[in-house]
Amino acid sequence: MRRQALGAISAALALTLPWVAVWGATDLLPQFAPAALRTLPTLGTVIVSGLAVLGASFLLAWAAETAEKDVPRAFAIAVLAVLAVAPEYAVDALYAWNAGQFAGTERGIEAGNLAVANMTGANRILIGIGWAGIALFTIFRRGASTDPAVERRPGFLADVVSLDRDIGLEIVFLLAATLWAFFVPFNGGIDIFDMLFLVGLYVCYIAVILRGEAEPETQHVGVPAYLQRFSRPRRTATVFLLFAYSGAMIFTAVEPFAHGLEELGQSVGIPSFFMIQWIAPLASESPELIVVVYLVNKARSTAGFNALISSKLNQWTLLIGTLVVVHSLALGRYGVLAFDFKQSAEIWLTAAQSFFAIGLLLRFEISVREALVLLGLFFSQVVLEFLIIRELVSLPVSSTDLLLAYSVLYVVLGTALFVSRRRSFGRLVRRTAGTVSDAIPTGEERPHGVDD
């Protein structure tokens, strides 16, 4: 086990080393670096930074699995989710900062719109490709027959992925953030009330899961199993080191990876705004998707979906809530991060998609049919919007009208799900209320799960 684990860690580290050399050559010590590294072509940058993201994603997943021995699993996955999507925060923060620095100018207005576009694109990718794609991968991958989360059912595309009911907490918190998001555009932009509610919601979520108990009973294999055999101080130090190194690699490599993909896309005629909304977020979400594929491939489908839902929750709360803080710091005073009506429609569509996706999970399962509908709605909207923007088809609607139409469709479908599954929703809310109640200190400990 020791030799195999060390070999796997060495291989993952080796994938990141070319990027360390390039990053050092361009950012740290450019005066001492070979000219070949300082002038790496765009395609070379994409390849090297992409390999670093791949290697760092494995290190990040191993760190999170190892940490499950000492902290609640939900908290370990929450840390993994934050680190995996840290580049998305960095990209959005840059646009929010520029919106404040150049407030009142055309550049500042455009930056505010780009901050919203990048954020909404990332959130919709996480559900449209992440949730749907991982559900399909879970069911159709080799070895799915031995995965306890995969349930075969009679009927056309009726097989389902069953989810752990413990993720009910994340689902309810995500629903609260989603309902709030519908009202964000009515305030003229992202303001301090959005920040207080959304960031406060995430802080409450973390406080609740920290009150949970560690779950050491999970039987790991490979690298996590080897690392969990370390003494606690050594294990803790190793986990922190892996989190720090993988986080640094992801944080520094994803932005060049995303910009490289943008340049390659623009060179073949893809509009810049479209690249910023879709290609850049897809690149910044890649660490999260890689980690989830890794977990699912180990028959840890529940942990994989937990990571996806946790990522969606922190992006839908922390990411939106902190944009106004960054904007105000750049502005030198408090200011609302404003955006145009097109971006209001983007937020409504993102909230509507989230509402529909939550409706799919009310029974703690997602079927092949449901995953295909989620995937189909996502791709059809993106493709149609691209065709309209590029004027490749003639439709009697604008791209903004298309966003509003899809928003209505998602809300109608989501409402139908909530109505038809109202009993499941009621049980979910009651269970979550009990979890939150148990997490509130009362000065008197009581056995877990025992009611007064």
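Among contacts between residues at least 6 apart in sequence, what share joins residues at least 24 apart? I began my notes with that one, and the figure I got for the protein is 81%. A reminder to myself: this is a predicted model.

**Entry 1: the overall picture**

I looked up the secondary structure and found 16 helices and three strands. Next I checked burial: of the 452 residues, 53% count as buried. For the surface, I noted that the protein exposes about 19,800 Å². Carbon and sulfur atoms supply 66% of that area.

**Entry 2: α14 beside α15**

I then picked a pair of helices to follow by eye. Helix α14 covers residues 368-389 and helix α15 covers residues 399-420. Their axes come within 9 Å and cross at roughly 165°. An angle over 145 degrees counts as roughly antiparallel, and therefore I wrote down α14 and α15 as roughly antiparallel to each other. I also looked up the hand of this crossing, and it is right-handed.

Which residues make the contact? On the α14 side I listed L377, F378, S380, Q381, L384, E385, I388 and I389. On the α15 side I listed S399, L402, L403, Y406, L409, Y410 and L413. Sorted by class, the contact of α14 with α15 has 11 nonpolar, three polar and one charged residues.

**Entry 3: α6 beside α12**

For α6, I noted M119, A122, N123, L126, I127, G130, W131, I134, A135 and T138 in the contact. They meet S301, F305, L308, I309, S311, K312, Q315, W316, L319 and I320 of α12. The residues of this contact divide into 13 nonpolar, six polar and one charged.

Most residues other than glycine have a negative phi.

L157 has a phi near 55°. I found L157 in the loop between β1 (150-151) and β2 (160-162). Is L157 buried, partly exposed or exposed? I noted L157 as partly exposed, because its relative accessibility is 29%.

F364 is not a glycine either, and its phi is positive at about 60°. I located F364 in the loop between α13 (341-360) and β3 (365-367).

Definitions and conventions
Residues numbered from 1 in each chain as written. Predicted model: local features only at pLDDT ≥ 70, side-chain atom pairs only at ≥ 80, totals over all residues. Heavy atoms only, no water. Axes fitted to C-alpha atoms, helices over the stretch in contact; angles between N-to-C directions. Helix = DSSP H or I, 4+ residues; strand = E, 2+ residues; numbered from the N terminus. Parallel < 35°, antiparallel > 145°, perpendicular 65-115°, else oblique. Left-handed = near helix turned anticlockwise from the far one by under 90°. Contact = heavy atoms within 4.5 Å. Nonpolar A, V, L, I, M, F, W, Y, C, P; charged D, E, K, R; others polar. Buried < 20%, exposed > 50% of the residue type's maximum accessible area, 1.4 Å probe, protein only. Areas by Shrake-Rupley, 256 points an atom, 1.4 Å probe, with all protein chains shown as cover.
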